[in-house]
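Morning, everyone. I will walk you through one model today. Please have the sequence and the 3D view open.

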Amino acid sequence: MSETKHKSPYALEVRGLTRSFGKRKVLDNVSFQVKHGEILIIMGGSGCGMSTLLRHIIGSLKPDAGEVYIDGTEITKLNDLELAKVRKRFGMLFQTGALFNSLTVGENVALPILESSDVAPHIAELVVKLKLELVGLTGFEHLKPAQISGGMKKRVGMARALALDPDLLFCDEPTAGLDPVMTAVIDTLTVDLTKKLGLSAVVVTHDMTSAFRIATQMIFLFEGKVIAAGTPEEIKANPNPILQQFINGDADGPIPLKLSKDDYLKRLLQA
Amino acid sequence: MLRAYTELSLQAFASIFAHSPLFGQRGWRLSALFDQMVAIGVASMPTVGLANFLLGIVLAIQGAGQFEKLGATDMVANLVAFSVLREIGPLITAVIVIGRSGSAITAELGTMKVAEEIEALNVMGIDPVKYLVVPRLLAMILMMPVLTVLGEGVGLFAGWLISVTALHLNPIFYVSNSIDAVEQKDLFSGLLKALFFGAAVGTVACYYGMQVEGGAEGVGKATTKSVVTCLTTMLAMDALLTTLIYFVL
């Protein structure tokens with residue numbers, strides 16, 4: 001893709017994002033950038049603020065402080081209408097797919113197409129076929145979400161996220177619950193899209209194999225702070241014991257596992 | 001809470017008038033409205049009919065018991081006609097719609113909220129108020145008077161049926177008595193109530209659905225709250241409108 005179509009060298013830039021729920025800082029001065037065509041992996045333990053971070057980036061939540069730039073446009077202070085315009089340029093794959101149960105698979109994928117532009121229904125139908133083929137679900141248009149498996153729902157969610165040919169793709173746990181083959185399919189798809197279409201992706205995941213397979217950049221969140229950032233090689237070589245424990249999946253290490261109820265409450269309530 | 005409710009209602013009404021999804025660019029929004037009109041209205045018809053039928057019987061029998069003492073059993077016709085059109089018809093219809101459709105709206109929207117579907121709409125740049133709330137609210141407002149007319153018809157018929165069979169009243173005389181007893185004003189005041197009930201139930205049910213938090217438990221709690229609030233709001237509105245109509249018209 002030509003560089004001239006972009007306003008900013010970064011597809012996504014997050015500066016000093018801070019958010020507290022009550023006294024607890026869930027996000028603490030989080031900053032990072034994603035260049036066009038890059039895949040950024042956000043890693044971190046459960047409850048380390050990854051989903052919260054993603055919700056701030058897509059504009060569902062507003063931060064206490066800090067800015068989020070989507071291709072140079074600051075979105076944290078936009079109103080709903082302006083935000084809707086920016087959102088048309090990105091796709092989001094939700095953890096559970098978030099498909100509409102009352103619509104068929106095909107209608108789900110067609111929804112953003114029909115709602116955002118004056119596309120004729122037969123063109124939309126064609127696009128739906130293409131997108132479903134992309135995720136390996138040709139011929140599933142007429143099934144309802146309740147009739148397909150969890151992994152398939154996720155792939156339909158992916159097809160829907162790609163329906164409008166977004167510049168930026170957000171994935172919340174795209175491979176959780178998928179078998180290894182389907183994980184590889186989704187991974188290859190994500191890499192292909194960035195290489196061939198110049199799309200950028202931000203992926204939240206716990207799956208280390210998949211993360212190292214597709215990442216061009218990685219950040220590691222721990223208790224709301226970015227404690228490591230870099231290329232996959234740099235992350236692998238990073239001596240931080242918390243990070244190493246996470247990458248290697250060791251049960252022993254500095255990440256606290258057994259908390260007493262009192263400690264947990266203290267951590268929740270203290271700044 | 002009241003502020004959030006007002007905001008949602010204003011936004012929904014603004015969407016109805018400003019964007020007029022009825023005549024929107026894509027015709028299938030109209031089909032969303034029709035779907036809701038069927039779910040809320042057409043599917044409620046048997047229950048609304050049954051409830052009104054039973055209450056028509058009750059009204060006639062109860063009235064007969066009192067009028068008999070005065071030797072004026074004929075007055076049953078007046079009582080049934082007047083109270084069905086003015087009060088019982090709109091009221092019992094609203095109660096049925098709240099229990100059937102109001103709760104369904106809250107539960108459906110709440111489940112969508114919990115399953116991230118509403119957030120997904122937002123992220124796709126689709127306004128959930130326009131897409132989900134407007135068809136439901138509009139269907140409520142349109143179908144409540146329709147159901148009320150239907151219910152009133154069935155209620156009046158039930159009153160007539162029990163009067164001519166069990167109470168041995170003259171069928172023709174009963175009808176002419178009924179017609180004499182009511183004016184157009186009575187019919188319209190009942191329908192006006194129905195219109196307001198529809199708007200209230202639609203907005204309250206959607207509001208509780210859209211603000212659900214915390215999984216299946218949240219959906220259950222919100223549905224209960226929605227039904228209770230719909231009922232109390234509807235009764236309060238009924239009292240207010242009855243008073244207003246009495247003094248103003």
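This is a predicted model: local features need pLDDT of at least 70, side-chain atom pairs count only at pLDDT 80 or more; totals for chains, interfaces and linings use all residues.

Let's start with contacts inside chain B.

Now the elements. How many helices and strands does chain B have? Nine helices, and zero strands. Read from the N terminus on, the order is α-α-α-α-α-α-α-α-α. The C-alpha trace of chain B spans about 70 × 40 × 35 Å along its principal axes. Chain B has 249 residues, and 49% of them are buried.

Next, the interface. Here 17 residues of chain B are in contact with 23 residues of chain A. Together the two chains bury about 1,800 Å² between them. Of that area, 55% lies on carbon and sulfur atoms.

What about charged pairs? The rule finds two salt bridges across the interface of chain B and chain A. Find A:Arg55 and B:Glu119 in your view. Their side chains meet in a salt bridge, at 3.2 Å from N to O.

Which elements of chain B give two or more residues to the side that touches chain A? They are helix H2, residues 28-40, and helix H5, residues 117-123. H5(B) gives the most, with six residues. By class, that side of chain B has nine nonpolar, three polar and five charged residues.

Last topic: the cores. One general point before we look. In soluble globular proteins, nonpolar side chains tend to be buried together.

In this model, the largest nonpolar core has 81 residues. Which members touch the most others? They are A:Leu12, A:Phe32, A:Ile42, A:Leu53, A:Ile70 and A:Phe170. Those six names are in chain A. Yet the largest share of this core comes from helix H6 of chain B, residues 128-165, which gives 13 residues.

Zoom in on A:Leu53. Set aside its neighbours within four places in sequence. A:Leu53 is then in contact with A:Leu17, A:Leu27, A:Val30, A:Phe32, A:Ile42 and A:Leu221. Two of these, A:Phe32 and A:Ile42, are also on the list of members that touch the most others.

There is a second, separate core of 48 residues. Its members include A:Leu132, A:Ala161, A:Leu189 and A:Ile214.

Notes
Residues are numbered from 1 along each chain as its sequence is written. Chains are lettered from A and ligands numbered from 1 in the order in which they are written. Side-chain values use heavy atoms; hydrogens and water are left out. A nonpolar core is a set of buried Ala, Val, Leu, Ile, Met, Phe, Trp, Tyr and Cys residues joined through side-chain atoms within 4.5 Å. Buried means under 20% relative accessible area, exposed over 50%, partly exposed in between (1.4 Å probe, protein chains only). Helices (H or I, at least four residues) and strands (E, at least two) are DSSP runs, numbered from the N terminus. Contact means heavy atoms within 4.5 Å. Buried area is the accessible area (1.4 Å probe) that two parts lose on being put together, summed over both. A salt bridge is a side-chain nitrogen of Lys or Arg within 4 Å of a carboxyl oxygen of Asp or Glu. Ala, Val, Leu, Ile, Met, Phe, Trp, Tyr, Cys and Pro count as nonpolar, Asp, Glu, Lys and Arg as charged, and the others, Gly among them, as polar.
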